[in-house]
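Have the structure open while you read.

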Amino acid sequence: MESLFLQLLNMSLTGSYVIVFVIVARLLLRKVPKVFSYALWSVVLFRLVCPFSFESVFSLIPAKAQEIPLQRIATQPPQIPSGLAGGGQALNNLLAEPATAAASVVDTSTAADTNIWLLVGQYVWLFGIVVLLLYSIRATVRLVRSLKPAQQISGNIYEMKGLATPFVFGAIRPKIYLPAELGEHERGYILKHEQVHIKRLDHLIKPLAFAVLCIHWFNPLVWIAFVLMSEDMELSCDESVIRQLGSGIKKDYSTSLLTLSAGRRFIGGSPLAFGENNTKGRILNILNYRKPAFWVVILVIIAIAAVSVGLMSNPRQTTLTERDYAEQFIEEEIAGFASNEANKFKIVDSSITKFEKLAEFDNLMPASLQIWHLEYRLKPDDPAKVSGAFDLKDGMLIEEGSMGDPIMVFSYEQDTPNYLGSFRSAEYDISTIAGQETALRVFLEGKQLLSHETYSGKHILVKFPLTLGETSQLLLSQPAQAGDKGIWAVERWKDTRGNEYYHTPQSDLPPAEYYDRLQAQADQGEEAWLLDPQQVAIRYIKTFIGPTVAKDKLEVDYNATAADFAVTPESTTLGYVLNFSLDSESFDFDNVEWLTLEDSARFKDLNITEENLPGGFYILNKYTITDLMKVTAETKYSILDQENWGSYKDVTKQEFIEFLNQYSDNSPLCKVTYKDDFVTGISEVYLP
């Protein structure tokens, strides 16, 4: 429904351009028969109803008439200006990857608010349609009931006492209703007028126009178009009567209209019935009507046809090739150099040294995807002014750096490339097809073009502790086959700071083929551990993350979803709080490892014995590196209650800092709880 609503907004926007154009054209055509301006409204109807059109070089529609994207508005990563020209692109590409810590704290409120308003707009739009349709249905039913006393005169002609104006009613079998009080002299003109309406199918056009109005009710220009189209319908019908009966009836015909000047635009509010309206304008038009010369009619017909083609067609789009997009990419990079005042040189030329397709993927999105590797060189006006931050080769800047070369991503519709963006080659291992697919998936998820799960179906969430107590989590899926006989694999994992890491199979095969082979081995009784998600998790943690984790340390959720994985786990770690003051929003944290007799497996690696645990514990402060921890206004603080030993009491930030300042030499051991790179709580640790 969302895509339909967005498509409708685009159609209404384009239709607005056409309506304005027709209104202007209508003014220019005010001295020619109104049938021509009436015909132009068909173009408006086409634009408001038809979601597609043809392209033409003669199009009068602005090239950017449809500016509303036909998809949910995605959260865009923040753009960070770089101190060095050319470096900003790499940083911004890095930010586009949701696997980084920076991306985990991207402010998504703007996009979220926009999408909320979009959802609200859909329901308001539907509500407006329902209100208009219910009103018109109710009015039509009431009109049908009120017309029951009408007497048939002949054929489809009926008369009834008390009618304020004659009108045509009905779509399939239209009937003409006349006031019983209408004189014979007036009856002939009015009856002819209504018969012209039926002959031209106006009784079908009017309800169709009203239906379009109901759909585009939010657009005031559509209401204006409906009113003006109705006027042109009546005026052109009057002119048709005069052409058929001769100019000598103008005075009598005008008198008849004046007699019936109490008419209404809608009879009883029903769009299926319409009568006489705009009496003054119609009389003036009748009195001023002159049959145009033949050559004038021919010229107007040609002009109307040309305008109709121009308004019905879309501007011809220039099809860009992959290389055209690459050259545009380089131009944007050059513009970045020019806008950076720190650069003392200008780029005067550029050249593409390598541009080749790396891979094509048909399994990630409905549209085919390709990634292209771009290498290029930039020529400065004075190489001597180039600082040491840039690499020069043969007088040309090498635009590479630590982030690697740009990898451009294209989607294809009927072999036409659509540039989606780029990432950098050094961010991923793109030497294998599996690495290329992972890199592309991260890019597409960052653009919100893919959901944050590599494999759909059942998921298992496994939380586990790292050496210093931080909690991380794995997302396991079944990449080849669902059910009890399907193998399990880790598709991604997340640390306690919200950083997300994607797993790339260590193989030269495409991931799908790689997992199909593992599934075949499991089906033959080999690699049976792949069927046990806990064994898969333990082996993955040891192989790719580092620590050896016992099975009883795993927290397994067998009914997890990708949304559960998106929630960052909360971690608790021990250490010493350093450099913390009242006016600061962060502190340095010296992590330690708390060992007990249960950790005997670690004793041999650390060269310690049980004799080193006189109190039953050992505090291992192996590293001197501290981590920067951030606090918020919601961070909670607690210390041991000296009056109730063994219990804790909550304190303010100021009181906690005063507590820390009591220790000049050795800081007290503290337990810090944090999530998404922010501390949620700090408490003193009791040491027996």
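Across the protein chain, pLDDT averages 83, and 86% of the residues score at least 70.

A word on ground rules: this is a predicted model, where local features need pLDDT of at least 70, side-chain atom pairs count only at pLDDT 80 or more, and totals for chains, interfaces and linings use all residues. Residues are numbered from 1 along each chain as its sequence is written, and side-chain values use heavy atoms, with hydrogens and water left out.

**A helix pair**

Helices (H or I, at least four residues) and strands (E, at least two) are DSSP runs, numbered from the N terminus. Helix 5 (residues 184-199) packs against helix 7 (residues 220-245) at an angle of about 115°, and their axes are 9 Å apart. Those axes are lines fitted to C-alpha atoms, for helices over the stretch in contact, and angles run from 0 to 180 degrees between N-to-C directions.

Next comes an open sheet of five strands in the order 17-16-15-14-18, with antiparallel pairing; two strands pair if DSSP finds at least two bridges between them. Strand 17 (500-502) and strand 18 (555-560) are the edges, each pairing on one side only. On average, neighbouring strands of this sheet are turned by 25° against each other, direction ignored. Helix 14 (residues 533-545) packs on the sheet, touching strand 14 (459-465), strand 15 (471-477), strand 16 and strand 18, and its direction makes about 125° with that of strand 15. Strand 16 (residues 489-494) pairs with strand 17, and K494 has E500 in strand 17 as its bridge partner.

Why is strand 12 (residues 406-413) described as largely enclosed by the rest of the structure? Seven of its eight residues are buried, so the rest of the structure largely encloses strand 12. Buried means under 20% relative accessible area, exposed over 50%, and partly exposed in between (1.4 Å probe, protein chains only).

| Strands | Bridges |
|---|---|
| strand 9 (residues 368-380) and strand 12 | six |
| strand 12 and strand 13 (residues 416-424) | eight |
| strand 16 and strand 17 | three |

H373 has I407 in strand 12 as its bridge partner, while F410 has Y419 in strand 13. The hairpin of strand 12 and strand 13 has two residues between the strands, and Q414 there takes a positive phi near 55°.

L201 has phi near 65°, positive in a residue other than glycine. L201 is found in the loop between helix 5 and helix 6 (202-215), and is partly exposed at 44% relative accessible area. D394, also not a glycine, has phi near 55°. Its loop runs between strand 10 (392-393) and strand 11 (396-398), and D394 is exposed, with a relative accessible area of 74%.

Terms used:
pLDDT = per-residue confidence, 0-100. Contact = heavy atoms within 4.5 Å.
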